[in-house]
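Me: I have a structure open and would like to go through it slowly. Can you help me read it?

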Amino acid sequence: MRKSQRESQATGSPSRPSRRESQAARRQRALAVAERMDARYPDAQCALHFSNPFTLTIAVLLSAQTTDVAVNKVTPQLFARWPTPAAMAAAEPAELEPILKSIGLYRSKARNCVACARTLMAEFAGEVPRSIPELMRLPGVGRKTANVVQNNAFGIVEGIAVDTHVFRIAHRLGFSPAASDTPEKVERDLLALYPPERWGPINHQWVLFGREVCIARRPRCPTCPLTELCPSATAVSH
Ligand code: SF4
């Protein structure tokens with residue numbers, strides 16, 4: 001028996017995964033990860049500022065390849081001028097551009113904002129829909145955005161929003177095989193691994209964890225609370 005396995009049995013925590021980890025052992029490890037995330041981020045929630053499902057949808061749409069902080073700087077002015085789907089549907093994308101100019105891809109995002117508002121008016125009576133398939137009919141809204149909107153606007157959790165942080169952490173923790181090379185595949189792997197009550201917290205906690213600890217280029221493995229649960233700790237700690 002390896003030293004790490006002896007230690008983990010003594011402390012009651014799951015051991016560092018072996019290459020031949022069973023699904024049961026992976027589930028146990030995944031729950032141990034969830035408990036440590038709960039301890040570190042007990043109040044994690046969406047960092048985007050919004051006041052209703054429409055403003056959340058637009059804020060999430062704007063957040064692609066942009067920080068939430070940057071989005072929060074432009075949305076007050078945006079929503080002061082176009083607070084509803086009806087108001088934004090009547091705008092031209094070029095009118096939004098000066099307000100969105102400080103965030104990435106602002107021209108295409110301006111087009112998507114207006115197109116999204118027009119679709120809401122034309123197909124959903126000006127209301128943001130609640131189901132994932134309906135949300136994904138909105139221009140600029142993919143599965144990740146739909147999951148975020150459904151979760152934060154309506155408290156419904158039917159999936160996991162796999163952004164760049166969740167994607168990276170799932171692979172580093174060995175919860176998604178290397179062959180899972182799309183966010184959709186990673187989401188399916190995580191949904192199969194975790195019970196439904198754990199899906200919602202992942203959306204918030206893993207994003208924070210990816211920003212603060214399991215950073216893309218220089219993960220902070222030596223001080224990471226998941227070190228003995230993570231098969232990538234040694235490989236990426238220097
Ligand atoms: S040990 Fe390193 S690679 Fe593993 S989750 Fe922590 S920071 Fe990420």
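Me: How do the residues of the shell around the ligand divide into nonpolar, polar and charged?
Reply: The shell around the ligand divides into ten nonpolar, two polar and two charged residues, where Ala, Val, Leu, Ile, Met, Phe, Trp, Tyr, Cys and Pro count as nonpolar, Asp, Glu, Lys and Arg as charged, and the others, Gly among them, as polar. Please keep in mind that this is a predicted model, in which local features need pLDDT of at least 70 and side-chain atom pairs count only at pLDDT 80 or more, while totals for chains, interfaces and linings use all residues. Residues are numbered from 1 along each chain as its sequence is written.

Me: And which residues are closest to the ligand?
Reply: The closest are Cys214, Pro219, Cys221, Cys224 and Cys230, out of 14 residues that surround the ligand (a residue is near a molecule if its C-beta atom, placed from the backbone, lies within 6 Å of it).

Me: New topic: what domains is the protein chain divided into?
Reply: There is domain 1, covering 3–42 + 160–236, and domain 2, covering 53–154, with bounds that come from an automatic or database domain assignment. Taken over C-alpha atoms, the centres of domain 1 and domain 2 are separated by 31 Å. Their contact takes eight residues from domain 1 and five residues from domain 2, a contact being two residues whose C-beta atoms, placed from the backbone, lie within 7 Å.

Me: Which helices supply the side of domain 1 that touches domain 2?
Reply: Both α11 (183–193) and α12 (199–212) supply at least two residues of that side each, and helices here are DSSP runs (H or I, at least four residues), numbered from the N terminus. The residues of that side of domain 1 comprise four nonpolar, two polar and two charged.

Me: Now helix α3, at what angle does it pack with helix α4?
Reply: Helix α3 and helix α4 (residues 68–81) pack at about 135°, with axes 10 Å apart, the axes being lines fitted to C-alpha atoms over the stretch in contact and the angles running from 0 to 180 degrees between N-to-C directions.

Me: So why are they called oblique?
Reply: Angles under 35 degrees count as roughly parallel, over 145 as roughly antiparallel, 65 to 115 as roughly perpendicular and the rest as oblique, and α3 and α4 are therefore oblique to each other.

Me: Which residues make that contact?
Reply: From α3 there are Thr55, Ala59 and Leu62, and from α4 there are Val71, Thr75 and Phe79. By class, four are nonpolar, two are polar and none is charged.
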